[in-house]
Amino acid sequence: GDDGGILNPVLRNLNTGAPLQVIRVLLCVDLLFTVPMILAVGREIIEYTVQYCLGMKQTQIQINTSPSVGGWQEDEQRDDGEGSRAYKMVVEVVSRKQMLITTLVRISMVAIVLSISFGAIENSGVNQAFSDVVALIGGVSGSLLGFILPPLLYMGAYKEPGEIGALSRVIMISIVIIGLGLLGSTTYFTAKSMAHS
């Protein structure tokens with residue numbers, strides 16, 4: 001702050017001029033490529049969850065072709081008898097209903113992020129708004145991907161009795177509860193910060 005410490009955002013600590021502008025441009029390029037990759041995981045989880053809840057199943061078909069088609073995986077088990085290998089490609093078939101649901105989920109997510117961003121900008125300015133939105137997204141995705149989903153996926157993969165011991169199951173459920181607590185507290189305190197800024 002004003003007492004000679006580190007300013008927030010950190011770029012305010014640098015002298016003005018060309019180096020600062022270069023750093024800002026590079027930071028924007030970095031964010032342009034990394035934020036969509038970070039959000040893609042959560043987006044896909046939400047899309048597949050909505051489709052699953054609506055009873056839609058992913059359909060895959062296998063297409064066999066000749067070796068002349070480039071970019072397809074070689075199927076080592078198949079041989080057409082003339083010494084040439086057969087190739088295969090697995091294609092996911094998406095119905096119009098699935099595409100519509102996927103599009104609606106993506107539009108809804110963009111609308112939610114935009115409304116949070118515009119609300120934060122109205123209340124506290126651009127720099128604080130960016131910080132608040134990054135904190136909210138980071139807290140939610142970090143809690144989900146770090147604490148909640150891994151134990152749930154592990155327990156879902158080993159559903160049969162006796163595959164997971166009782167102690168392991170208790171530990172995993174405890175991790176999920178801790179993750180839910182972190183998710184709730186991160187969301188609450190970030191929303192509170194956004195409201196009071």
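**Salt bridges, helices and a surface patch**

Arg-43 and Glu-44 form a salt bridge in which the closest N and O atoms are 3.9 Å apart, the term standing for a side-chain nitrogen of Lys or Arg within 4 Å of a carboxyl oxygen of Asp or Glu. The model is a predicted one, so local features are taken only at pLDDT of at least 70 and side-chain atom pairs only at pLDDT 80 or more, whereas totals for chains, interfaces and linings draw on all residues. Residues are numbered from 1 along each chain as its sequence is written, and side-chain values rest on heavy atoms, with hydrogens and water left out.

Arg-43 has a further partner, for its side chain also meets that of Glu-47 in a salt bridge with an N to O distance of 3.1 Å. Arg-43 and Glu-47 both belong to helix H1, which covers residues 18-53, and they stand four residues apart, about one turn of the helix. Helices (H or I, at least four residues) and strands (E, at least two) are DSSP runs, numbered from the N terminus.

Glu-47 in turn pairs with Arg-106, in a salt bridge with 2.5 Å from N to O. This pair links distant parts of the chain, since Glu-47 sits in helix H1 while Arg-106 sits in helix H2 (residues 96-124), 59 residues apart. The count by this rule comes to three salt bridges, and Arg-43, Glu-44, Glu-47 and Arg-106 are linked by salt bridges in a network. In general terms, side chains of opposite charge can pair when their charged atoms come close.

Read from the N terminus on, the elements follow the order α-β-β-β-α-α-α. The chain has 197 residues, of which buried residues make up 15%.

One of the buried residues is Gly-139, which has a relative accessible area of 13% and lies in helix H3. Although Gly-139 and Gly-184 are 45 residues apart along the chain, their C-alpha atoms are separated by 9.2 Å.

The surface, finally, carries a nonpolar patch formed by Phe-147, Leu-167, Ile-171, Ile-175, Ile-178 and Leu-182, which together have about 520 Å² of accessible area. Patches consist of residues with over 30% relative accessible area and no salt bridge, like charges being joined within 9 Å and nonpolar side chains (Val, Leu, Ile, Met, Phe, Trp, Tyr) within 5 Å. Accessible areas come from the Shrake-Rupley method with a 1.4 Å probe, and for residues only the protein chains shown count as cover. Which helix gives the most to the nonpolar patch? That helix is H4 (residues 166-196), which supplies five residues. Ile-175 is found in helix H4, and because its relative accessible area is 31%, Ile-175 is partly exposed.

Conventions. Buried means under 20% relative accessible area, exposed over 50%, partly exposed in between (1.4 Å probe, protein chains only).
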